Amino acid sequence: MKTLLAWLLAPALAGGWALEASGAADQESWFEDVTLSAGVAHSHRNRSFTNPYAHIMEGYTALGASAAVADYDGDGDEDVFVTDSSQKGSNRLYRNNGDFTFSEVTVQAGLAGGNDAQNASADSLWFDYDNDSHPDLLVVRFGRSLLYRNQGDGTFREVSQKAGLGRYMNAITAIAFDYDRDGDVDLFVGSYFRPVNLFDPQTAHFFPENFETADNGGGLALYRNDGKGGFSEVSRQAGIRISGWTLDVGHADADNDGDDDLYVAADFGTDRFFVNNGDGTFSDRTEKAIGIDTKKGMNVDWGDYDNDGHLDIYVTNITDDYMREGNFLWRNNGDLTFSDVGRETESYDTGWGWAGKFFDYDHDGWLDLYVVNGWVSAGRESYVPEIFQMIISENEKSGGKMDLSDVRKWPPMGNKSLSGYQRMKLFHNRQGELFADQAARHGLDSEQDGRGIAVADFDSDGRLDLFVTNANQPPRLYRNVRPLTDEARWVQFSLRGVRSNRFAVGAQLRLRAGERNWLSFVNGGNGFASQSSMKVHFGLGSAQRIDSVEIRWPSGLRQELGPLQVNRIYRIEEESPQATVLATGGAGR
(Lines give C-alpha, C1' and ligand atoms only; values in the text may rest on other atoms or scores of the structure.)
Protein backbone atom coordinates (compact mmCIF):
# COMPACT_ATOMS: atom_id res chain seq x y z
CA MET A 1 0.00 0.00 0.00
CA LYS A 2 1.22 3.49 -0.74
CA THR A 3 0.31 6.96 0.40
CA LEU A 4 -2.50 8.26 -1.83
CA LEU A 5 -3.54 11.77 -0.78
CA ALA A 6 -1.46 13.79 -3.23
CA TRP A 7 -2.05 11.18 -5.88
CA LEU A 8 -5.80 11.54 -5.50
CA LEU A 9 -6.06 15.27 -5.05
CA ALA A 10 -3.44 16.64 -7.41
CA PRO A 11 -4.40 17.21 -11.05
CA ALA A 12 -2.93 15.01 -13.71
CA LEU A 13 0.25 16.55 -15.05
CA ALA A 14 0.71 16.70 -18.76
CA GLY A 15 4.05 16.09 -20.36
CA GLY A 16 6.70 15.09 -17.86
CA TRP A 17 10.24 13.91 -18.26
CA ALA A 18 10.33 11.96 -21.50
CA LEU A 19 12.51 8.88 -21.52
CA GLU A 20 14.49 7.91 -24.56
CA ALA A 21 12.48 5.65 -26.85
CA SER A 22 14.41 2.53 -27.70
CA GLY A 23 12.41 -0.18 -29.36
CA ALA A 24 13.68 -0.16 -32.91
CA ALA A 25 13.51 -3.53 -34.59
CA ASP A 26 17.08 -3.31 -35.82
CA GLN A 27 18.50 -3.00 -32.30
CA GLU A 28 19.89 -6.12 -30.72
CA SER A 29 18.27 -7.43 -27.54
CA TRP A 30 20.64 -8.55 -24.79
CA PHE A 31 18.17 -10.46 -22.59
CA GLU A 32 16.26 -13.69 -23.20
CA ASP A 33 13.17 -14.75 -21.25
CA VAL A 34 14.03 -18.31 -20.16
CA THR A 35 11.40 -18.71 -17.44
CA LEU A 36 9.75 -21.79 -18.94
CA SER A 37 12.89 -23.60 -20.09
CA ALA A 38 14.60 -22.93 -16.75
CA GLY A 39 11.73 -24.57 -14.83
CA VAL A 40 10.82 -21.62 -12.57
CA ALA A 41 7.42 -20.58 -13.97
CA HIS A 42 5.28 -21.35 -10.89
CA SER A 43 2.94 -18.44 -10.22
CA HIS A 44 2.80 -16.39 -7.03
CA ARG A 45 -0.66 -16.20 -5.44
CA ASN A 46 -1.94 -13.43 -3.19
CA ARG A 47 -3.43 -14.08 0.23
CA SER A 48 -7.20 -14.22 0.52
CA PHE A 49 -8.91 -13.49 3.83
CA THR A 50 -12.04 -14.84 5.50
CA ASN A 51 -12.45 -12.22 8.24
CA PRO A 52 -15.16 -9.50 8.19
CA TYR A 53 -12.84 -7.09 6.32
CA ALA A 54 -11.69 -9.51 3.61
CA HIS A 55 -13.38 -7.62 0.78
CA ILE A 56 -11.35 -4.55 1.70
CA MET A 57 -8.01 -6.07 2.70
CA GLU A 58 -7.19 -8.25 -0.29
CA GLY A 59 -6.42 -5.40 -2.67
CA TYR A 60 -4.17 -3.71 -0.13
CA THR A 61 -2.13 -6.79 0.69
CA ALA A 62 -1.16 -7.70 -2.89
CA LEU A 63 2.42 -8.17 -1.73
CA GLY A 64 4.62 -11.11 -0.80
CA ALA A 65 6.09 -12.02 -4.21
CA SER A 66 9.79 -12.11 -3.37
CA ALA A 67 12.99 -13.84 -4.49
CA ALA A 68 16.28 -14.33 -2.64
CA VAL A 69 19.54 -15.59 -4.15
CA ALA A 70 22.35 -17.60 -2.49
CA ASP A 71 24.48 -20.68 -3.08
CA TYR A 72 22.79 -22.65 -0.31
CA ASP A 73 24.51 -25.99 -1.10
CA GLY A 74 28.03 -24.70 -1.75
CA ASP A 75 28.36 -26.07 -5.30
CA GLY A 76 29.30 -22.71 -6.81
CA ASP A 77 25.94 -22.00 -8.47
CA GLU A 78 23.48 -19.37 -7.29
CA ASP A 79 20.13 -20.86 -6.16
CA VAL A 80 16.80 -19.05 -5.67
CA PHE A 81 14.15 -19.08 -2.95
CA VAL A 82 10.76 -17.71 -4.05
CA THR A 83 7.80 -16.93 -1.81
CA ASP A 84 4.08 -17.51 -2.23
CA SER A 85 1.41 -15.88 -0.05
CA SER A 86 -1.74 -17.98 -0.38
CA GLN A 87 -2.89 -20.00 2.63
CA LYS A 88 -2.19 -23.38 1.06
CA GLY A 89 0.56 -22.16 -1.24
CA SER A 90 4.14 -23.36 -0.96
CA ASN A 91 7.27 -21.27 -1.04
CA ARG A 92 9.81 -22.77 -3.44
CA LEU A 93 13.53 -23.49 -3.34
CA TYR A 94 15.04 -23.79 -6.81
CA ARG A 95 18.41 -25.54 -6.99
CA ASN A 96 20.63 -24.34 -9.84
CA ASN A 97 21.66 -27.26 -12.05
CA GLY A 98 24.54 -25.30 -13.58
CA ASP A 99 23.08 -25.25 -17.11
CA PHE A 100 20.51 -22.48 -16.67
CA THR A 101 17.86 -24.92 -15.51
CA PHE A 102 16.63 -25.30 -11.95
CA SER A 103 15.18 -28.19 -9.96
CA GLU A 104 12.59 -27.52 -7.29
CA VAL A 105 13.82 -29.14 -4.05
CA THR A 106 11.56 -27.45 -1.51
CA VAL A 107 10.21 -30.56 0.17
CA GLN A 108 13.55 -32.38 0.24
CA ALA A 109 15.18 -29.34 1.83
CA GLY A 110 12.49 -29.02 4.51
CA LEU A 111 11.27 -25.59 3.38
CA ALA A 112 7.76 -26.36 2.14
CA GLY A 113 6.03 -24.51 4.98
CA GLY A 114 5.55 -20.77 5.31
CA ASN A 115 1.84 -20.19 4.75
CA ASP A 116 -1.07 -21.20 6.97
CA ALA A 117 -4.24 -19.77 8.47
CA GLN A 118 -2.33 -17.34 10.71
CA ASN A 119 0.77 -16.50 8.64
CA ALA A 120 1.54 -15.31 5.10
CA SER A 121 4.99 -15.13 3.51
CA ALA A 122 6.02 -11.61 2.51
CA ASP A 123 9.80 -11.70 1.89
CA SER A 124 12.88 -13.87 2.39
CA LEU A 125 16.53 -13.43 3.30
CA TRP A 126 19.64 -15.59 3.17
CA PHE A 127 22.18 -14.83 5.91
CA ASP A 128 24.73 -16.86 7.85
CA TYR A 129 23.52 -16.17 11.38
CA ASP A 130 25.75 -18.79 13.04
CA ASN A 131 28.89 -18.03 11.01
CA ASP A 132 29.39 -21.63 9.83
CA SER A 133 29.78 -20.66 6.14
CA HIS A 134 26.35 -22.11 5.23
CA PRO A 135 23.67 -19.52 4.34
CA ASP A 136 20.60 -19.82 6.58
CA LEU A 137 17.14 -18.64 5.56
CA LEU A 138 14.68 -16.22 7.13
CA VAL A 139 11.12 -16.38 5.77
CA VAL A 140 9.64 -12.97 6.54
CA ARG A 141 5.92 -13.17 7.25
CA PHE A 142 2.79 -11.29 8.14
CA GLY A 143 2.50 -13.09 11.47
CA ARG A 144 5.58 -14.84 12.87
CA SER A 145 8.70 -15.10 10.74
CA LEU A 146 10.62 -18.37 10.40
CA LEU A 147 14.37 -18.90 10.73
CA TYR A 148 15.73 -22.05 9.07
CA ARG A 149 19.24 -23.22 9.94
CA ASN A 150 21.21 -24.67 7.03
CA GLN A 151 22.52 -28.04 8.21
CA GLY A 152 25.16 -28.22 5.47
CA ASP A 153 23.72 -31.32 3.80
CA GLY A 154 21.09 -29.65 1.62
CA THR A 155 18.46 -29.61 4.37
CA PHE A 156 17.21 -27.03 6.86
CA ARG A 157 15.86 -27.08 10.42
CA GLU A 158 13.46 -24.45 11.79
CA VAL A 159 14.97 -22.69 14.85
CA SER A 160 12.93 -19.46 15.16
CA GLN A 161 11.91 -19.75 18.81
CA LYS A 162 15.28 -21.07 19.92
CA ALA A 163 17.02 -18.13 18.23
CA GLY A 164 14.70 -15.56 19.84
CA LEU A 165 12.82 -14.62 16.69
CA GLY A 166 9.33 -15.81 17.60
CA ARG A 167 7.71 -12.40 18.01
CA TYR A 168 4.47 -11.60 16.14
CA MET A 169 5.40 -8.74 13.80
CA ASN A 170 3.61 -8.53 10.43
CA ALA A 171 7.07 -8.15 8.88
CA ILE A 172 7.54 -7.26 5.23
CA THR A 173 11.30 -6.80 4.82
CA ALA A 174 14.62 -7.79 6.39
CA ILE A 175 18.32 -7.21 5.88
CA ALA A 176 21.36 -8.49 7.78
CA PHE A 177 24.73 -6.84 8.35
CA ASP A 178 27.25 -6.49 11.16
CA TYR A 179 26.26 -3.08 12.52
CA ASP A 180 28.48 -3.37 15.61
CA ARG A 181 31.43 -5.02 13.81
CA ASP A 182 31.77 -7.86 16.29
CA GLY A 183 32.18 -10.53 13.60
CA ASP A 184 28.60 -11.74 13.09
CA VAL A 185 25.65 -10.35 11.18
CA ASP A 186 22.72 -8.72 12.95
CA LEU A 187 19.14 -8.59 11.73
CA PHE A 188 16.94 -5.61 10.86
CA VAL A 189 13.27 -6.49 10.36
CA GLY A 190 10.77 -3.95 9.03
CA SER A 191 7.02 -4.36 9.59
CA TYR A 192 4.19 -2.77 7.66
CA PHE A 193 1.11 -3.25 9.85
CA ARG A 194 1.49 -3.06 13.61
CA PRO A 195 1.28 -6.50 15.31
CA VAL A 196 -2.46 -6.99 15.01
CA ASN A 197 -3.69 -10.39 13.86
CA LEU A 198 -4.57 -9.61 10.25
CA PHE A 199 -6.22 -13.00 9.79
CA ASP A 200 -8.59 -12.66 12.75
CA PRO A 201 -8.46 -8.98 13.80
CA GLN A 202 -10.09 -8.08 17.08
CA THR A 203 -10.31 -4.43 16.07
CA ALA A 204 -11.22 -2.61 12.88
CA HIS A 205 -8.58 0.07 13.55
CA PHE A 206 -5.46 -1.24 11.88
CA PHE A 207 -5.21 0.73 8.63
CA PRO A 208 -3.08 3.92 8.33
CA GLU A 209 -4.61 6.73 10.33
CA ASN A 210 -3.42 9.37 7.88
CA PHE A 211 -2.08 9.37 4.32
CA GLU A 212 0.77 11.75 5.04
CA THR A 213 2.03 11.31 8.60
CA ALA A 214 0.67 8.01 9.89
CA ASP A 215 2.90 6.51 12.60
CA ASN A 216 0.65 3.61 13.60
CA GLY A 217 2.59 1.09 11.50
CA GLY A 218 4.90 -1.76 12.45
CA GLY A 219 8.19 0.17 12.43
CA LEU A 220 11.66 -1.38 12.48
CA ALA A 221 13.23 -3.87 14.89
CA LEU A 222 16.97 -4.47 15.36
CA TYR A 223 18.01 -7.92 16.56
CA ARG A 224 21.59 -8.14 17.79
CA ASN A 225 23.36 -11.44 17.16
CA ASP A 226 24.90 -12.79 20.38
CA GLY A 227 27.35 -15.00 18.48
CA LYS A 228 25.93 -18.11 20.15
CA GLY A 229 22.95 -18.78 17.89
CA GLY A 230 20.56 -16.28 19.46
CA PHE A 231 19.24 -12.75 18.95
CA SER A 232 18.18 -9.98 21.33
CA GLU A 233 15.94 -7.10 20.32
CA VAL A 234 17.93 -3.89 20.99
CA SER A 235 16.13 -1.32 18.82
CA ARG A 236 15.68 1.39 21.41
CA GLN A 237 19.08 0.88 23.02
CA ALA A 238 20.62 1.32 19.56
CA GLY A 239 18.63 4.48 18.82
CA ILE A 240 16.21 2.94 16.30
CA ARG A 241 12.83 4.45 17.07
CA ILE A 242 10.34 4.13 14.22
CA SER A 243 6.64 3.36 14.26
CA GLY A 244 5.95 4.12 10.61
CA TRP A 245 4.75 1.83 7.83
CA THR A 246 8.08 0.30 6.81
CA LEU A 247 8.32 -1.08 3.29
CA ASP A 248 12.07 -1.51 2.81
CA VAL A 249 15.43 -1.10 4.54
CA GLY A 250 18.91 -0.74 3.04
CA HIS A 251 22.43 -0.49 4.45
CA ALA A 252 25.77 0.86 3.21
CA ASP A 253 28.70 2.93 4.45
CA ALA A 254 27.53 6.40 3.45
CA ASP A 255 30.52 8.30 4.87
CA ASN A 256 33.30 5.73 4.24
CA ASP A 257 34.16 5.47 7.93
CA GLY A 258 33.91 1.67 8.12
CA ASP A 259 30.46 1.52 9.74
CA ASP A 260 27.34 0.77 7.71
CA ASP A 261 24.52 3.30 7.90
CA LEU A 262 20.80 2.76 7.39
CA TYR A 263 18.05 4.09 5.11
CA VAL A 264 14.43 3.19 5.90
CA ALA A 265 11.73 3.53 3.22
CA ALA A 266 8.49 4.23 5.08
CA ASP A 267 4.98 4.46 3.68
CA PHE A 268 2.53 7.03 5.14
CA GLY A 269 5.36 8.92 6.83
CA THR A 270 8.78 10.26 5.99
CA ASP A 271 11.70 8.03 5.08
CA ARG A 272 14.46 7.87 7.70
CA PHE A 273 18.25 7.99 7.53
CA PHE A 274 20.31 6.73 10.45
CA VAL A 275 24.05 7.25 10.85
CA ASN A 276 26.03 4.50 12.55
CA ASN A 277 27.94 6.04 15.47
CA GLY A 278 30.45 3.19 15.61
CA ASP A 279 29.64 2.35 19.23
CA GLY A 280 26.61 0.12 18.72
CA THR A 281 24.16 3.01 18.35
CA PHE A 282 22.62 5.02 15.52
CA SER A 283 21.64 8.69 15.26
CA ASP A 284 18.59 9.81 13.30
CA ARG A 285 19.96 12.37 10.79
CA THR A 286 16.92 12.41 8.53
CA GLU A 287 16.19 16.12 8.61
CA LYS A 288 19.74 17.17 7.77
CA ALA A 289 20.53 14.31 5.37
CA ILE A 290 17.41 14.14 3.18
CA GLY A 291 14.82 16.45 4.75
CA ILE A 292 11.43 15.60 6.18
CA ASP A 293 8.43 15.84 3.86
CA THR A 294 5.33 13.91 2.82
CA LYS A 295 7.01 11.79 0.17
CA LYS A 296 7.45 8.13 1.00
CA GLY A 297 9.60 5.28 -0.18
CA MET A 298 9.05 1.71 -1.35
CA ASN A 299 12.55 0.45 -2.26
CA VAL A 300 16.10 1.04 -1.03
CA ASP A 301 19.18 0.21 -3.08
CA TRP A 302 22.69 1.64 -2.76
CA GLY A 303 25.29 2.04 -5.52
CA ASP A 304 27.87 4.53 -6.80
CA TYR A 305 26.02 5.52 -9.97
CA ASP A 306 28.36 8.43 -10.81
CA ASN A 307 31.66 6.71 -9.87
CA ASP A 308 32.72 9.48 -7.48
CA GLY A 309 33.66 7.14 -4.62
CA HIS A 310 30.49 7.69 -2.57
CA LEU A 311 27.51 5.33 -2.42
CA ASP A 312 24.20 6.80 -3.58
CA ILE A 313 20.62 5.64 -2.90
CA TYR A 314 17.70 4.81 -5.20
CA VAL A 315 14.22 4.94 -3.66
CA THR A 316 11.09 4.21 -5.69
CA ASN A 317 7.79 6.01 -5.29
CA ILE A 318 4.67 6.78 -7.34
CA THR A 319 4.47 8.82 -10.51
CA ASP A 320 1.01 8.54 -11.99
CA ASP A 321 -1.77 10.65 -13.43
CA TYR A 322 -3.00 11.79 -10.03
CA MET A 323 0.13 11.55 -7.91
CA ARG A 324 3.58 12.59 -9.04
CA GLU A 325 5.80 12.15 -6.01
CA GLY A 326 8.41 10.42 -8.13
CA ASN A 327 11.46 8.33 -7.33
CA PHE A 328 14.42 9.65 -5.40
CA LEU A 329 17.96 9.27 -6.70
CA TRP A 330 19.82 10.50 -3.65
CA ARG A 331 23.27 11.66 -4.75
CA ASN A 332 25.73 11.34 -1.87
CA ASN A 333 27.37 14.71 -1.23
CA GLY A 334 30.15 13.13 0.83
CA ASP A 335 29.19 14.91 4.06
CA LEU A 336 26.25 12.78 5.23
CA THR A 337 23.82 14.83 3.19
CA PHE A 338 22.11 13.80 -0.05
CA SER A 339 20.65 15.70 -3.00
CA ASP A 340 17.74 14.27 -4.97
CA VAL A 341 18.71 14.23 -8.66
CA GLY A 342 15.88 11.99 -9.85
CA ARG A 343 14.43 14.59 -12.19
CA GLU A 344 17.79 15.82 -13.46
CA THR A 345 18.94 12.29 -14.33
CA GLU A 346 15.52 11.26 -15.73
CA SER A 347 15.20 8.32 -13.34
CA TYR A 348 12.23 9.99 -11.65
CA ASP A 349 9.22 8.41 -13.40
CA THR A 350 8.61 4.65 -13.25
CA GLY A 351 4.88 4.63 -12.48
CA TRP A 352 3.90 2.84 -9.27
CA GLY A 353 7.42 1.69 -8.47
CA TRP A 354 8.49 -1.27 -6.35
CA ALA A 355 11.95 -2.85 -6.51
CA GLY A 356 14.75 -0.91 -8.21
CA LYS A 357 18.26 -2.38 -8.56
CA PHE A 358 21.63 -0.98 -9.61
CA PHE A 359 23.62 -3.28 -11.91
CA ASP A 360 25.89 -2.86 -14.93
CA TYR A 361 24.10 -4.98 -17.53
CA ASP A 362 26.30 -3.91 -20.49
CA HIS A 363 29.72 -3.81 -18.76
CA ASP A 364 30.47 -0.21 -19.76
CA GLY A 365 31.57 0.63 -16.20
CA TRP A 366 28.46 2.59 -15.17
CA LEU A 367 25.68 1.26 -12.95
CA ASP A 368 22.33 0.98 -14.71
CA LEU A 369 18.91 0.65 -13.04
CA TYR A 370 16.09 -1.84 -13.49
CA VAL A 371 12.75 -0.90 -11.92
CA VAL A 372 9.54 -2.95 -11.68
CA ASN A 373 6.15 -1.35 -11.16
CA GLY A 374 2.37 -1.67 -11.18
CA TRP A 375 0.02 -2.08 -8.22
CA VAL A 376 -3.12 -4.03 -9.17
CA SER A 377 -3.92 -4.92 -12.78
CA ALA A 378 -7.50 -6.17 -12.94
CA GLY A 379 -10.68 -4.91 -14.64
CA ARG A 380 -11.07 -1.84 -16.82
CA GLU A 381 -12.81 0.18 -14.09
CA SER A 382 -10.56 2.39 -11.97
CA TYR A 383 -10.51 2.28 -8.18
CA VAL A 384 -9.48 5.95 -7.92
CA PRO A 385 -12.95 7.59 -7.81
CA GLU A 386 -14.03 5.52 -4.80
CA ILE A 387 -10.92 6.40 -2.81
CA PHE A 388 -11.39 10.03 -3.79
CA GLN A 389 -14.98 9.98 -2.53
CA MET A 390 -13.90 8.38 0.74
CA ILE A 391 -11.36 11.13 1.36
CA ILE A 392 -13.85 13.90 0.61
CA SER A 393 -16.48 12.33 2.84
CA GLU A 394 -14.16 11.67 5.79
CA ASN A 395 -12.61 15.11 5.51
CA GLU A 396 -16.03 16.76 5.72
CA LYS A 397 -17.13 14.60 8.65
CA SER A 398 -13.97 15.24 10.65
CA GLY A 399 -13.57 18.91 9.90
CA GLY A 400 -10.22 18.26 8.25
CA LYS A 401 -8.96 15.87 10.94
CA MET A 402 -9.36 12.53 9.25
CA ASP A 403 -8.67 9.26 11.02
CA LEU A 404 -8.68 6.53 8.42
CA SER A 405 -7.36 3.74 10.65
CA ASP A 406 -10.82 2.09 10.69
CA VAL A 407 -10.63 -0.38 7.83
CA ARG A 408 -14.41 -0.22 7.45
CA LYS A 409 -14.11 3.28 6.02
CA TRP A 410 -12.11 2.02 3.05
CA PRO A 411 -14.09 0.94 -0.04
CA PRO A 412 -13.53 -2.59 -1.40
CA MET A 413 -11.38 -2.74 -4.50
CA GLY A 414 -13.25 -5.64 -6.09
CA ASN A 415 -12.08 -6.22 -9.65
CA LYS A 416 -11.01 -2.64 -10.22
CA SER A 417 -7.50 -1.66 -11.30
CA LEU A 418 -5.18 0.73 -9.50
CA SER A 419 -2.12 1.87 -11.43
CA GLY A 420 -2.08 -1.42 -13.30
CA TYR A 421 -0.69 -2.57 -16.63
CA GLN A 422 2.47 -0.49 -16.33
CA ARG A 423 5.67 -1.28 -18.19
CA MET A 424 8.95 -2.02 -16.41
CA LYS A 425 11.92 0.31 -16.91
CA LEU A 426 15.56 -0.45 -17.72
CA PHE A 427 17.52 2.76 -17.30
CA HIS A 428 20.86 2.82 -19.12
CA ASN A 429 23.39 5.02 -17.30
CA ARG A 430 24.94 7.64 -19.53
CA GLN A 431 28.20 8.21 -17.66
CA GLY A 432 26.59 9.37 -14.43
CA GLU A 433 24.64 12.22 -16.01
CA LEU A 434 21.39 10.81 -17.41
CA PHE A 435 19.43 7.57 -17.59
CA ALA A 436 17.65 6.43 -20.77
CA ASP A 437 14.98 3.71 -20.82
CA GLN A 438 16.09 0.66 -22.83
CA ALA A 439 13.54 -1.85 -21.52
CA ALA A 440 11.62 -2.26 -24.78
CA ARG A 441 14.79 -2.91 -26.75
CA HIS A 442 15.85 -5.71 -24.41
CA GLY A 443 12.44 -7.31 -23.87
CA LEU A 444 12.33 -6.26 -20.21
CA ASP A 445 9.20 -4.09 -20.42
CA SER A 446 6.63 -6.58 -19.11
CA GLU A 447 3.26 -5.22 -17.94
CA GLN A 448 2.98 -7.62 -14.99
CA ASP A 449 2.59 -6.32 -11.43
CA GLY A 450 6.27 -6.41 -10.51
CA ARG A 451 7.53 -6.65 -6.95
CA GLY A 452 11.08 -8.00 -6.52
CA ILE A 453 14.31 -8.10 -8.56
CA ALA A 454 17.12 -10.53 -7.78
CA VAL A 455 20.32 -9.85 -9.73
CA ALA A 456 22.80 -12.72 -10.12
CA ASP A 457 25.14 -14.41 -12.61
CA PHE A 458 23.28 -17.72 -12.71
CA ASP A 459 25.59 -19.35 -15.27
CA SER A 460 28.91 -17.84 -14.12
CA ASP A 461 29.59 -16.33 -17.53
CA GLY A 462 30.27 -12.84 -16.19
CA ARG A 463 26.93 -11.38 -17.28
CA LEU A 464 24.29 -10.39 -14.76
CA ASP A 465 20.88 -12.05 -15.10
CA LEU A 466 17.52 -11.04 -13.58
CA PHE A 467 14.92 -12.96 -11.60
CA VAL A 468 11.76 -10.81 -11.34
CA THR A 469 8.76 -11.63 -9.14
CA ASN A 470 5.21 -10.52 -9.88
CA ALA A 471 2.21 -10.38 -7.56
CA ASN A 472 -0.43 -13.04 -8.34
CA GLN A 473 1.42 -13.87 -11.56
CA PRO A 474 4.37 -16.03 -12.68
CA PRO A 475 7.92 -14.68 -12.29
CA ARG A 476 10.27 -13.85 -15.14
CA LEU A 477 13.84 -15.13 -15.45
CA TYR A 478 15.91 -13.14 -17.92
CA ARG A 479 19.25 -14.44 -19.17
CA ASN A 480 21.83 -11.81 -20.11
CA VAL A 481 23.34 -12.67 -23.52
CA ARG A 482 25.18 -9.44 -24.24
CA PRO A 483 28.23 -10.28 -26.42
CA LEU A 484 31.45 -10.40 -24.38
CA THR A 485 33.56 -8.08 -26.52
CA ASP A 486 36.76 -6.15 -25.88
CA GLU A 487 34.56 -3.18 -24.98
CA ALA A 488 32.59 -5.13 -22.39
CA ARG A 489 35.06 -6.63 -19.92
CA TRP A 490 34.16 -7.51 -16.34
CA VAL A 491 35.28 -9.02 -13.04
CA GLN A 492 33.51 -10.59 -10.06
CA PHE A 493 34.61 -11.21 -6.49
CA SER A 494 33.39 -13.71 -3.90
CA LEU A 495 34.65 -12.71 -0.46
CA ARG A 496 35.14 -14.88 2.62
CA GLY A 497 35.66 -13.32 6.02
CA VAL A 498 37.92 -14.68 8.75
CA ARG A 499 37.86 -11.98 11.40
CA SER A 500 34.83 -10.51 9.66
CA ASN A 501 31.50 -12.33 9.21
CA ARG A 502 31.96 -15.30 6.87
CA PHE A 503 30.21 -13.81 3.83
CA ALA A 504 31.92 -10.43 4.38
CA VAL A 505 28.63 -8.51 4.34
CA GLY A 506 29.50 -4.82 4.49
CA ALA A 507 32.96 -5.19 2.90
CA GLN A 508 33.82 -2.40 0.44
CA LEU A 509 35.80 -3.02 -2.74
CA ARG A 510 37.64 -0.17 -4.43
CA LEU A 511 38.94 -1.09 -7.86
CA ARG A 512 41.35 0.81 -10.12
CA ALA A 513 42.01 0.12 -13.80
CA GLY A 514 43.97 2.70 -15.73
CA GLU A 515 42.55 6.11 -14.92
CA ARG A 516 39.15 4.79 -13.82
CA ASN A 517 38.00 3.92 -10.32
CA TRP A 518 35.00 1.98 -9.05
CA LEU A 519 33.38 1.36 -5.67
CA SER A 520 31.03 -1.45 -4.64
CA PHE A 521 30.27 -3.55 -1.57
CA VAL A 522 28.76 -6.78 -0.27
CA ASN A 523 25.16 -6.06 0.70
CA GLY A 524 22.96 -8.10 2.99
CA GLY A 525 19.61 -7.97 1.21
CA ASN A 526 19.02 -4.45 -0.13
CA GLY A 527 16.03 -4.05 -2.48
CA PHE A 528 12.27 -4.41 -2.03
CA ALA A 529 11.03 -8.03 -1.93
CA SER A 530 14.35 -9.33 -3.18
CA GLN A 531 17.92 -10.29 -2.38
CA SER A 532 20.60 -10.30 -5.03
CA SER A 533 23.88 -12.20 -5.17
CA MET A 534 26.52 -11.39 -2.55
CA LYS A 535 29.20 -11.63 -5.22
CA VAL A 536 30.50 -8.19 -6.17
CA HIS A 537 30.44 -7.48 -9.91
CA PHE A 538 32.17 -4.72 -11.88
CA GLY A 539 31.72 -3.85 -15.54
CA LEU A 540 35.11 -2.64 -16.78
CA GLY A 541 34.46 -1.32 -20.30
CA SER A 542 37.63 -1.71 -22.37
CA ALA A 543 40.05 -2.08 -19.42
CA GLN A 544 42.69 -4.71 -20.23
CA ARG A 545 43.71 -5.40 -16.66
CA ILE A 546 42.88 -4.45 -13.08
CA ASP A 547 45.70 -2.47 -11.51
CA SER A 548 44.53 -2.97 -7.94
CA VAL A 549 41.57 -3.83 -5.76
CA GLU A 550 41.38 -2.67 -2.16
CA ILE A 551 39.09 -4.54 0.22
CA ARG A 552 37.95 -2.77 3.36
CA TRP A 553 36.73 -5.62 5.53
CA PRO A 554 34.11 -5.13 8.28
CA SER A 555 36.79 -6.10 10.83
CA GLY A 556 38.69 -2.93 9.92
CA LEU A 557 41.41 -4.74 7.95
CA ARG A 558 42.41 -3.11 4.67
CA GLN A 559 43.85 -5.43 2.06
CA GLU A 560 45.13 -4.59 -1.45
CA LEU A 561 45.68 -7.07 -4.26
CA GLY A 562 46.75 -6.72 -7.87
CA PRO A 563 47.37 -6.54 -10.67
CA LEU A 564 44.59 -8.96 -11.65
CA GLN A 565 43.26 -10.19 -14.98
CA VAL A 566 39.85 -9.20 -16.33
CA ASN A 567 36.99 -11.57 -17.22
CA ARG A 568 37.50 -13.66 -14.09
CA ILE A 569 35.54 -14.66 -11.02
CA TYR A 570 37.88 -14.46 -8.02
CA ARG A 571 37.59 -15.66 -4.46
CA ILE A 572 39.37 -13.53 -1.88
CA GLU A 573 39.76 -14.64 1.72
CA GLU A 574 40.42 -12.12 4.47
CA GLU A 575 44.17 -11.96 5.28
CA SER A 576 45.10 -14.14 2.27
CA PRO A 577 47.88 -12.64 0.11
CA GLN A 578 46.36 -13.70 -3.21
CA ALA A 579 43.08 -14.18 -5.07
CA THR A 580 41.89 -17.57 -6.33
CA VAL A 581 40.32 -17.86 -9.79
CA LEU A 582 36.93 -19.62 -9.68
CA ALA A 583 35.92 -19.15 -13.32
CA THR A 584 37.40 -17.63 -16.47
CA GLY A 585 35.70 -15.74 -19.26
CA GLY A 586 32.36 -17.49 -18.82
CA ALA A 587 33.85 -20.97 -18.84
CA GLY A 588 32.74 -23.59 -16.32
CA ARG A 589 34.43 -24.02 -13.00
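How many cavities of 30 Å³ or more does the structure hold? I count six. The model is predicted, with local features needing pLDDT of at least 70, side-chain atom pairs counting only at pLDDT 80 or more, and totals for chains, interfaces and linings using all residues. Residues are numbered from 1 along each chain as its sequence is written, and side-chain values use heavy atoms, without hydrogens and water.

**Cavity entry.** I worked on a 1 Å grid over the protein atoms alone; a cavity is a set of points where a 1.4 Å probe fits but cannot get out, and lining residues have an atom within 4 Å of a point. Volume is the space filled by probe spheres set on points joined across faces, edges and corners. The largest cavity takes up about 490 Å³. I find 33 residues lining this cavity, and Phe358, Phe359, Leu367, Ser520 and His537 are the closest to its centre. The lining splits into 16 nonpolar, 10 polar (Gly counts here) and seven charged residues (Asp, Glu, Lys and Arg). Strands E18 (301-303), E22, E26 (450-456), E31 (516-521) and E33 (536-541) each give at least two lining residues.

**Sheet entry.** Strands are DSSP runs of E, at least two residues, numbered from the N terminus; two of them pair if DSSP finds at least two bridges. I read an open antiparallel sheet of four strands, ordered E22-E23-E24-E25. Its edges are E22 (353-359) and E25 (434-437), each pairing on one side only. I then checked E23 (368-373) against E24 (425-430): three bridges join them. Tyrosine 370 has leucine 426 in E24 as its bridge partner.

How values were computed. On a 1 Å grid over the protein atoms alone, a cavity is a set of points where a 1.4 Å probe fits but cannot get out, and a pocket is an open set with protein on both sides within 12 Å along at least five of seven lines; lining residues have an atom within 4 Å of a point.
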